[in-house]
Structure formats: structure tokens, C-alpha cells
Amino acid sequence: MMDLLPVITAKNLNVGYGQLTILENINFAIYPGDMICLMGHNGCGKTTILRTLSRFLKKMDGEIYVKDKAIDKWSDLDYAKIVSIVLTEKVSDANLLVKDLIDLGRYPYTNFMGTLDDTDKLIVDQAIELLGISNLLAKKVDELSDGQRQKVFIARALVQDTSILLLDEPTTFLDLPGKMEILRILKKIAIEKKVAVLFSSHDWQLILELASWIWLIDQKGFLKAGVPEDFIISGDFEKCFHHPQFIFDNEIGIFKEKKEHEFMVTLVGGGDKQRIWTKHLLRKEAFKVLECNTYGYPVIEIISDKEGADYWEISQNSKRIKVNTLEELLVILKTEFLM
Amino acid sequence: MNSFQIKIILLCFAAGLLVFLLMIFGPVNIPFNELLRFKYTSDWQTILWEIRFPKILTAILAGMALGLTGLIMQTYFNNPLADPYILGVQSGASLGVAIGMMALDSVMAVFPNFIGQLSTVFFASLGSLFTLFLLMILAKQLANRLILLVMGLVFGHVISGIISILVVFSESHKIKNFLLWTMGSFQRVSLDQIGIFVLVISIGTIFLFSLSSKLNLLLLGDKYARSSGLNVLRTRKILLWITAILTGTVTSFCGPIAFVGIISPHLARSFLKTSNHFILIPGVALLGVIMTLASEFVSSFMGDMTLPINGILGLVGGPVIFIILINYRKVYHS
């Protein structure tokens, strides 16, 4: 991979808008086939970087090379053949058809009449197939769900046949399967089409699962590139998204609300799944969960009956109550045992 | 043949039918079979060639140009209610004509008819260009679509104010000429004037059609358009010029004509079910033509009496705009 030439190189780059410099002294190189997720807290400059690379904002200082030329030396039409974008904003036109929208991606390559030749049609068909949106072509853009719209706009950017694809928070507003599908598609584009993909995201857990390379903008405004797991080990990630009321769970890689433990209970028995989620609920509701039986605190036992169904039994001294759901467990625990 | 082509042909047929009706009916009815025989008496020759032909051609040109300027402005400002009349561009053209007719009348009287007509077109285009230019600057400052419409309204009133002051200082025959002009009519263009009208509108329309894919890109918003390689600023400037010239020309020949500009793009979009300008431009032009021909037909069908075009268009157009507004509730909530 390293024998390829980088698509974009930045040296000592300062980005910002108006008089305001947001990020200073950034250095990076993006190669064909890279899939990079840009992460950082709100307002840290993710969008500013993307906008500078899309040429909506002028760089404040430093150098950006796109292929072999400085970024501002390209004509609009030639730049459109190197960089394509997917934005967060919606298109307001109500009657625009999906197929027409995707065809518009071929604008830099077609004549003034916008007629697609066989090559153009082939590229459009390939993009439609890669994104699996052939069933949406006759619909209006207005009628699409958030996830479908995102795919259609990725297809539009893809038929622009560029070396790099910039996406501003492509997974926002989507449900979990939707987010995962978009990330899977981006990965596919990077690997199969050898397109560099640079996108911003807040979906840390998914990124941890699916991305191999991220750029993290830390609290001080430094851009660090690396493997996400490294940032967890070094503690950079926790520092970056630090919030006094949350702590970072190093084991599963998510932020959890800090709890003052008010009550103590003992939890015994049960299979892995039942145990983990009982514990999860109790922790969320500010119980401290003890692993072994301690005198003076209620004991919760997870029991499987003969048919394999699970139930919970709460006991303290001579009192013993059986419940069938965690919801019931919580109510009984609060009303009967913690009076 | 795809469904778009069928629909466009249907529209052509409707327009053709209206042309036919306008040829036949009028204060003097010319029987259908006589019309096709091409052997006319000299009276009929005069009626058909010197009265009805320029009138019909004027209505066709005006309908095309007004519909298309409405379409451009709706795409340009990303506003379904934009059109040259509502945004005060026709008022700007009126101001140009008013200045030409009332203030500079003595200067213009020196020139022969052709140059005189051309200078009215010039003043009207200048007036609309001025208004459009102000609107363009304001639209950049104010992202809100409703405020843009209110601004257009304010423009219209400011310009009527200026015109009313001009009226006070003018002689009565000039005022009468001007007031008749403001009522809107397709009947004032004579055969020797119509050449310049045809020339300007057809060049404008063909040029506009060649910009179709650029207009399509503008539908996506400036950012997507730019990142697709479109020189957005230059395209917008060109569109501004075309709109100004088309609006100025139509307004100077026919007076300010309401509602055609706003309604025909909506009719075209809901009939053709697309936003693609390659299909919309012919569709909008044809629907504009159908609207002007139909209103001309109603206006002259009354026998001896001729109703003002704007009166008829207002009665039909008002309710249609009301329906459009209800349908676009969603757009204005966002």
C-alpha cells in the first residue's frame, strides 16, 4: 500500500473560519483505500477539517496537497473528479427522483446536456448495486427514510468516481442496524474501489468495532492518528471525552454514569446472561453488587426451574419473595426490602 | 416513447387546440373548414394575419417566458413561491417602462418605432435586473424563505410609490398609456414589433434549456453543486441575466402579468412528477403557453368586450396558489 501516492497530504495545516483558528499544526497523509474515522468532542473542528478539504473553507495556514498540486490550484471541475462529499443537510426539493439525483453525480464527466454514455451508465449501475438501492430508484428523494437517503447520497458521491470520499457524520439519525450498514458500506467502498474514505462520527462503540484507523482530536486540539484500541490503553480517549459525571469502562469501551452506591445487595447463581444484565440493572439503579453472601444485606438468587425458565428469589432474614422479571425484582426490592 | 414524452405531446396538443380556437373565435368568427382552405377574403386575411396572429404569438411568447422565469427563480432561490411578479421583478420592469414612457418620453419620440420598442425592452430589463440584483444580495443575507417573499412585496410597494410620484408629474395622455399598459394585454404588439420579441424569447429559452443540468445541480444546494464541479457563482449570474432579460422583455411588451410565473412550474411538477429541468423546461413553457392562451381565449370570447388578462388570471390563479400553499405546508414548517 505504501508505494501508492497519497491522495491528500497536509503539512502544518491550520484550519478555521472567519478570523477564528480552530485547529493548529495538523499533519496527515491520506492514501487510496484508507478508511479513516474522524473523532472528537462537539465543536472540536471535525467539520472544519472536512469543509476545508471540500474547499468550502479556505485553509488558514500551512499546506494541503491534493495529488501533486496545491489544493487551491485545482479548477472546480477537476477537483470534482478527485473529491466527492456527503453532507448532513437535507435536499429540500420535493420532486427530485432518486435516479436523477444519482445521475447528477456524473456531472463532471458529461456534456452540457448531461447525457450518460455507456461507461457512465455502467458506473451508475455499479454504485446502485454496491449500495443495494435498486428498489429506490423511482422514488422521490423526499420520501426516503434517513438511512435510505444516506445510501442514495453515498451512491451519488460514488458515481462521481473520485479518489477520496468525505462524509460529515454519515451515521447520525440512523438506528443501530442502519449505522452498522453504512459503516460496512464505507468499508467496502474503501477496500473494493480503492477510494480513500474520511468521515466524522460520534458512534464510538461502532467505530471501535468496525474501524481500524481513527483520527482523534483531543481536548488540546491535537490531531492524533492511530488504532482506536491504542487510544483506550493510553487513556487519550477518556481524556478527550472527559465528563465529570461519567466514567469510562475500560473493559467494554463505553462511558457509564458515575454512581454513588446507596444500597448493597448480594447476587448469587444464574447463567452468564442473566447475571450480567441483572448486575447491569442493579448498578444503574445505584446498588452496589456483592459477589458473596454478606450478612445484613438482601440476597438475590437467580434460579432456573425444571423447564429451564429463570426466576429470581430475594431473601433477607426469614423473608423470601419470588419474582419472574427484573422489573418486578426492582419494585419488590425497593418496596419490601429497603423500607 | 416514455411517459414524459407522451405527456409533453399531450401538452403540445392542448396548446395547439387553443391556438386553433383563438384563430376561429373572436368578434368575427371564421368557420373551421374555411380556415383550412387557405383561401381567405382580404378582410379575413387582415383579421387572421394582422390581428389574431400577433396576438396569439405574443401570448405564446409571454406564457413561455413567464413560466420559465418563474421556474428559474424557484430553483434559484430554492423557494416554491418565488416568481418575477411576487418578488417584485416585474415591478422593477414596470419602473423601467414608467421612466421610459413618462419621464424620457420626449427623448424616445425622436427614435423610430423599432428603436423605441427596443429601448422600452432595455429599460424594463434594466429595471428587473436591478430588482433581481437587490434580491440576490438580500437572499444571501437572509436565509429565511418567507422573509425573501416579504422583501419582494416591499419592493413592489416601494416601486409603485415611485411610479405614483412619476404619475403626478406626467401629462394625462402619458398616464393613460401607462395605466392601460399596467393592465396587461397580449393585443398591443403589432406585426412589425413582434420580430424582436420572438428573437429575444427564443434565444433566452434555448440558452436556458442548455443550462438544464446546471439547474438540476442547483436543486441539491450550493455545496453539492460546487463539489460536483459547477461554478455556482457564474451560473447564478447567468441565470440572473436571463431572468432579467426575459422578464423585462415580456413586461415591456405585455405589461405586468401575474400568476403565470408561479403557477406553471407547479402544474408542470405535479403533472410530470419530476424536478429534472430537461423535462420541466419544455413542460413549464407549454403550461405557461396554455395558461396565457386560455386566458386570452376567455378574455376575447366575451364578444365585443375584452376583459383584462390580469383580471382573469387573478380569478383563476388566486385559488390555485392557495392550493399550492396548503400542499407546501410541510416545506414552510421546516
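**Exercise 1.** Find what share of the contacts in chain A between residues at least 6 apart in sequence join residues at least 24 apart.

*Solution.* Take two residues as in contact if their C-beta atoms, placed from the backbone, lie within 7 Å. Among contacts in chain A between residues at least 6 apart in sequence, the share joining residues at least 24 apart is 63%.

The model is predicted: local features need pLDDT of at least 70, side-chain atom pairs count only at pLDDT 80 or more, and totals for chains, interfaces and linings use all residues. Residues are numbered from 1 along each chain as its sequence is written, and chains are lettered from A and ligands numbered from 1 in the order in which they are written.

**Exercise 2.** Decide whether chain A is a compact globule or more spread out.

*Solution.* Compute the radius of gyration over C-alpha atoms, and the globule rule as 2.2 Å times the number of residues to the power 0.38. For the 339 residues of chain A the rule gives 20 Å, but the radius of gyration is 26 Å, well over that value, so chain A is more spread out than a compact globule. Along the principal axes, its C-alpha atoms fill a box of roughly 85 × 45 × 40 Å.

**Exercise 3.** Describe the side of chain A that touches chain B.

*Solution.* Start with the counts: 24 residues of chain A are in contact with 23 residues of chain B. Next, assign elements, taking helices (H or I, at least four residues) and strands (E, at least two) as DSSP runs numbered from the N terminus. Helix 2 (76-79), strand 6 (83-86) and helix 3 (98-104) of chain A each supply at least two residues; strand 6 gives the most, with three.

**Exercise 4.** Check the length of helix 1 of chain B and locate its buried residues.

*Solution.* The expected span is 1.5 Å times one less than the number of residues. For the 22 residues of helix 1 (residues 3-24) of chain B this comes to 32 Å, and the end C-alpha atoms are 32 Å apart, which agrees.

Count a residue as buried if 20 or more other C-beta atoms lie within 10 Å of its own, exposed if 12 or fewer, and partly exposed in between, with C-beta atoms placed from the backbone. L11(B), A15(B), L18(B) and L22(B) are the buried ones. Helix 3 (42-76) and helix 14 (277-301) of chain B are among what covers the buried residues.
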